[in-house]
Amino acid sequence: MSRPAAKPGKPAKPAKAAARKAAPVTPTAAVDAELERLARAMRDRAYAPYSQFRVGAALVAADGRIFTGANVENASYGLTVCAERNAVMAMVLAGATDIRAIYVASDIAPPASPCGMCRQTLLEFARDPATTRVVAVSPTDGPDGRVGWTLAELIPHGFTGDQLDRPRPAAAPVRAARPRPPRAR
Ligand code: THU
């Protein structure tokens, strides 16, 4: 379906504005069970030939849609992308920006909790970190099999975009970009 062209001088409406405005949903027990099942299934899709450490993730956005990810490694190790961040990227690219809950499945017990980079990424897309749930699950269902936190517990005092807008009393002038030579044709 094509969208109507924007009026001259007016920016086009983002395609997913309606989805973003939807009232936040609180995941039900059935949604949680589905997130757990999907996180475990996604663990099998992990590309982890270097660490052999497989991780799967499944999250539910405030509009009720579910997105999944797995870790994808690289021979240049630092390029590895964690399962959680792959799930978040899928969500953002589909037009959702508010995570309600995420399940992370690994092969260890107690299960692996999200790394710092993933916690910061989750924080960017959680309207209310105090009620956004993060659940880590292991392959077993024993007492060590499942651990849950709120995102606020995992990343208290995190960096957020509003800090970029605060006054910078003692700031030195920002360096200008170095002039670039004209591009060769
Ligand atoms: N990994 C994740 O996918 N999520 C985390 O939160 C922690 C680590 C992955 C990255 C790498 O592929 C492997 O686990 C070992 O660090």
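A disulfide is a pair of cysteine sulfur atoms within 2.5 Å. By that cut-off the structure holds zero disulfides. The model is predicted: local features need pLDDT of at least 70, side-chain atom pairs count only at pLDDT 80 or more, and totals for chains, interfaces and linings use all residues. Residues are numbered from 1 along each chain as its sequence is written, and side-chain values use heavy atoms, with hydrogens and water left out.

**Stop 1: the cysteines**

Select Cys 115 and Cys 118. The sulfur of Cys 115 has its closest cysteine sulfur in Cys 118, 3.7 Å away, which is too far for a bond. Seen from Cys 118, the closest cysteine sulfur is that of Cys 115, again at 3.7 Å and too far for a bond.

Now colour by relative accessible area, where buried means under 20%, exposed over 50%, and partly exposed in between (1.4 Å probe, protein chains only). Cys 115 is partly exposed at 31%, whereas Cys 118 is buried at 0%.

**Stop 2**

Helices (H or I, at least four residues) and strands (E, at least two) are DSSP runs, numbered from the N terminus. Select residues 99-105, which form strand 3; seven of its seven residues are buried.

Strand 1 (residues 56-61) is joined to strand 3 by six bridges, and the two run antiparallel.

**Stop 3: the crossover**

Together with strand 3 and strand 4, helix 4 makes a right-handed β-α-β unit. To check the hand, point the strands away from you: a crossover is right-handed if the path from the first strand over the helix to the second runs clockwise.

In the loop between strand 3 and helix 4, select Pro 110. The peptide bond that joins Ala 109 and Pro 110 is cis, with omega at about -5 degrees.

**Stop 4: strand 4 and onward**

Strand 4 is largely enclosed by the rest of the structure, because four of its five residues are buried. Five bridges also join strand 4 to strand 5, and these two run antiparallel. Pick Val 135 and Gly 148, the latter being its bridge partner in strand 5.

The loop between strand 4 and strand 5 (146-150) contains Thr 140. Thr 140 is partly exposed, with 44% relative accessibility.

**Stop 5**

Which loop holds Gly 64? Gly 64 is in the loop between strand 1 and strand 2 (66-70). Its relative accessible area of 39% makes Gly 64 partly exposed. The C-alpha of Gly 64 is separated by 8.4 Å from that of Thr 26, which is 38 residues apart from it along the chain.

**Stop 6: positive phi**

Select Gln 52, in the loop between helix 2 (29-43) and strand 1. Gln 52 is not a glycine, yet its phi is positive, about 60 degrees. With 60% relative accessibility, Gln 52 is exposed.

Then go to His 157, in the segment after helix 5 (151-154). His 157 also has a positive phi of about 60 degrees without being a glycine. At 82% relative accessibility, His 157 is exposed.

**Stop 7: the second largest pocket**

On a 1 Å grid over the protein atoms alone, a pocket is an open set of points where a 1.4 Å probe fits, with protein on both sides within 12 Å along at least five of seven lines; lining residues have an atom within 4 Å of a point. To locate the second largest pocket, select Phe 53, Val 55, Asn 71, Thr 80 and Cys 82, which lie nearest its centre among 17 lining residues. About 230 Å³ of space lies in this pocket, the volume being the space filled by probe spheres set on the points, which are joined across faces, edges and corners.

How does the lining divide into nonpolar, polar and charged residues? There are 10 nonpolar, five polar and two charged. Ala, Val, Leu, Ile, Met, Phe, Trp, Tyr, Cys and Pro count as nonpolar, Asp, Glu, Lys and Arg as charged, and the others, Gly among them, as polar.

Technical notes. Pairing = 2+ DSSP bridges.
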